[in-house]
Amino acid sequence: MTTRLADIAAQAGVSEATVSRVLNGKPGVAATTRQSVLAALDVLGYERPVRLRQRSEGLVGLITPELENPIFPALAQVIGQALTRQGYTPVLATQTPGGSTEDELTEMLVDRGVAGIIYVSGLHADTTADMQRYDRLRAQGVPYVLVDGFSPKVQAPFISPDDRAAMNLAVTHLVSLGHTRIGLALGPKRFVPVQRKIEGFVRTMQDQLGLGAETVEKELVQHSLYTLEGGQAAATALIERNCTAVVCASDMMALGAIRAARQRGLEVPTDISVVGFDDSPLIAFTDPPLTTIRKPVPAMGQAAVRTLLEEIGGTPAPHSEFVFMPELVVRGSTDSAPGDRARS
């Protein structure tokens with residue numbers, strides 16, 4: 001083994017310790033140095049360890065949290081089409097309750113020799129998660145891109161919508177309609193997109209309505225789950241606090257908010273306005289058609305693929321966050337505040 005390390009080190013022009021780190025998948029080795037060691041293995045006729053063998057150029061993994069929220073299939077379709085146009089085959093791996101975890105899906109994809117992985121709304125978005133899993137993946141030489149959720153602890157390209165700007169668009173629209181009691185329904189606070197939405201919401205409520213940050217967070221922000229039922233529960237709490245409008249962090253939650261209003265005998269948008277987030281497929285055809293913040297899915301999906309292929313090709317993009325601007329789509333679920341309508 002010592003002779004083998006010495007031969008490889010001499011061929012690659014590096015130390016035996018560096019060769020050992022590469023062979024054992026340890027971090028702290030530059031990509032060019034790692035490639036030199038792998039090339040030395042090939043030249044000398046040594047078989048590469050399984051985890052270091054050349055990966056198929058044809059497969060790219062895509063890990064999503066679930067497919068019940070229609071925004072995830074929409075994003076998967078954009079990413080899949082972009083990969084196919086570039087000659088790659090997407091491998092969709094979906095987490096399900098009680099099923100495979102993100103780490104298990106990652107291991108499965110790596111074992112199948114994927115050229116890279118795109119994570120959508122993964123553990124990278126959870127501020128309580130251990131980010132070292134991504135360092136370990138990079139040590140194995142697998143390029144990856146992270147969508148929706150930024151962590152300064154991970155050296156990788158991130159693709160995100162501007163969640164703060166999204167809340168500014170939603171609140172500004174509702175204030176222009178005369179609403180002053182506006183609630184925000186969203187998921188658990190540990191997630192980065194949730195924290196950013198709160199920041200944007202609080203700041204806009206301060207700027208446009210003169211409300212104190214503590215008052216807004218305590219009275220007008222309601223955490224729940226990113227589901228229809230979660231939206232219903234959050235909206236019920238906000239309606240009980242006399243909100244005349246509710247901004248939701250997903251279209252699924254917004255549909256739950258509409259259900260909550262109707263269960264209390266309220267009409268949308270006559271008695272209460274509802275704004276969604278995502279502009280998921282078919283959301284324009286709900287009753288009423290949903291006013292929502294459109295996530296720039298085509299641009300984000302294409303950017304994720306382009307960035308990953310640059311990583312795979314050895315010309316990586318800066319390991320920073322690429323932020324995409326959302327858009328307000330006004331439909332039938334928002335109207336003038338009830339008091340304003342009565343006065344007019």
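Tutor: Let's start with pockets: on a 1 Å grid over the protein atoms alone, a pocket is an open set of points with protein on both sides within 12 Å along at least five of seven lines, and lining residues have an atom within 4 Å of a point. This is a predicted model, where local features need pLDDT of at least 70, side-chain atom pairs count only at pLDDT 80 or more, and totals for chains, interfaces and linings use all residues. Residues are numbered from 1 along each chain as its sequence is written, and side-chain values use heavy atoms, leaving out hydrogens and water.

Student: Which residues lie nearest the centre of the largest pocket?

Tutor: Pro65, Glu66, Phe72, Ser121 and Tyr226 do, out of 36 residues in the lining. A volume is the space filled by probe spheres (1.4 Å probe) set on the grid points, which are joined across faces, edges and corners; here that gives about 1100 Å³.

Student: Which helices and strands supply at least two residues each of that lining?

Tutor: Helices (H or I, at least four residues) and strands (E, at least two) are DSSP runs, numbered from the N terminus. For this lining, they are α4, α8 (192–209), α10 (228–240) and β9 (273–278).

Student: How do I read strand pairing around β1?

Tutor: Two strands pair if DSSP finds at least two bridges between them. β1 (residues 59–64) and β2 (residues 89–94) are parallel, with 6 bridges. In that pairing, glycine 61 sits opposite valine 91. The chain gets from β1 to β2 by way of helix α4 (residues 71–85), in a right-handed β-α-β crossover. Right-handed says that, with the strands pointing away from the viewer, the path from the first strand over the helix to the second runs clockwise. β1 also runs parallel to β3 (residues 116–120), joined by 4 bridges, and there isoleucine 63 has tyrosine 119 as its bridge partner.

Student: Is β1 mostly covered or uncovered?

Tutor: Buried means under 20% relative accessible area, exposed over 50%, and partly exposed in between (1.4 Å probe, protein chains only). In β1, 5 of the 6 residues are buried, so the strand is mostly covered.

Student: Why does arginine 133 count as buried?

Tutor: Because its relative accessibility is 18%. Arginine 133 belongs to helix α6 (residues 132–139). Contact means heavy atoms within 4.5 Å, and arginine 133 touches Glu102, Asp103 and Leu123, leaving aside residues up to four places away in sequence.
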